[in-house]
Amino acid sequence: MNSAGITFRPVEHTDYSGIVALGVECYGSNAPTREQLLHGYLGLHNAPVGSWLACWNSQVIAVQHMIVHSFHFGRTVLLGGVFTGALVHPSFRGRGIFSSLIEKVVESSWELGCDFVLTMPNDMSFGAFMKN
């Protein structure tokens with residue numbers, strides 16, 4: 001597949017069926033349930049969300065979730081942009097899509113007033129986080 005024509009935009013409620021389909025493409029028979037996937041992209045009730053996705057020919061091919069959490073350090077409260085649940089369609093890996101999504105959610109974090117960003121990368125995403 002050619003990577004020309006890939007667009008990036010914030011996740012919307014109308015994207016959830018595409019996110020579920022992407023989860024199946026990425027995990028196969030080990031895919032999280034629809035409810036598990038959607039919980040991650042709906043976020044916590046009333047919490048700001050800055051998740052982004054990538055589309056190719058109107059198909060969701062990648063998504064990076066970001067939600068804002070309050071962290072308490074004594075009397076100090078800091079806002080953190082927490083990145084979880086990255087998915088990139090296997091046919092589109094190695095093209096910089098994940099790195100582009102990280103740039104978008106970092107920017108969203110700052111726009112939402114976060115003091116810092118936080119993630120727990122796995123083996124597949126660690127290298128991209130180190131580059132960014």
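1. Confidence in this predicted model is lowest in helix 2 (residues 34-42), where the mean pLDDT is 68. Strand 2 sits at the other end, with the highest value, 95. For the chain, the average is 84, and 86% of the residues score at least 70.

2. Now to the aromatic rings: searching the whole structure turns up two aromatic pairs. One is Trp56 with Phe92: the ring centres are 5.5 Å apart and the planes meet at 55°, so this pair is tilted. It connects distant parts of the chain, since Trp56 belongs to strand 2 (residues 52-56) and Phe92 to the loop between strand 4 (76-88) and helix 3 (97-111), 36 residues apart.

3. Are these two residues buried or exposed? Trp56 has a relative accessibility of 18%, which is under the 20% cut-off, so Trp56 counts as buried. Phe92 is also buried, at 1% relative accessible area.

4. Phe71 and Phe116 form another pair, with ring centres 5.2 Å apart and planes at 55°, so this pair is tilted too. Phe71 is in strand 3 (residues 59-73) and Phe116 is in strand 5 (residues 116-119); the pair therefore ties together parts that lie 45 residues apart in sequence.

5. How accessible are Phe71 and Phe116? Phe71 is partly exposed, because its 22% relative accessibility falls between the cut-offs of 20% and 50%. Phe116, with a relative accessible area of 23%, is partly exposed as well.

Key: Residues numbered from 1 in each chain as written. Predicted model: local features only at pLDDT ≥ 70, side-chain atom pairs only at ≥ 80, totals over all residues. Heavy atoms only, no water. Phe/Tyr/Trp six-rings, centres within 6.5 Å; stacked < 30°, edge-to-face > 60°. Helix = DSSP H or I, 4+ residues; strand = E, 2+ residues; numbered from the N terminus. Buried < 20%, exposed > 50% of the residue type's maximum accessible area, 1.4 Å probe, protein only. pLDDT = per-residue confidence, 0-100.
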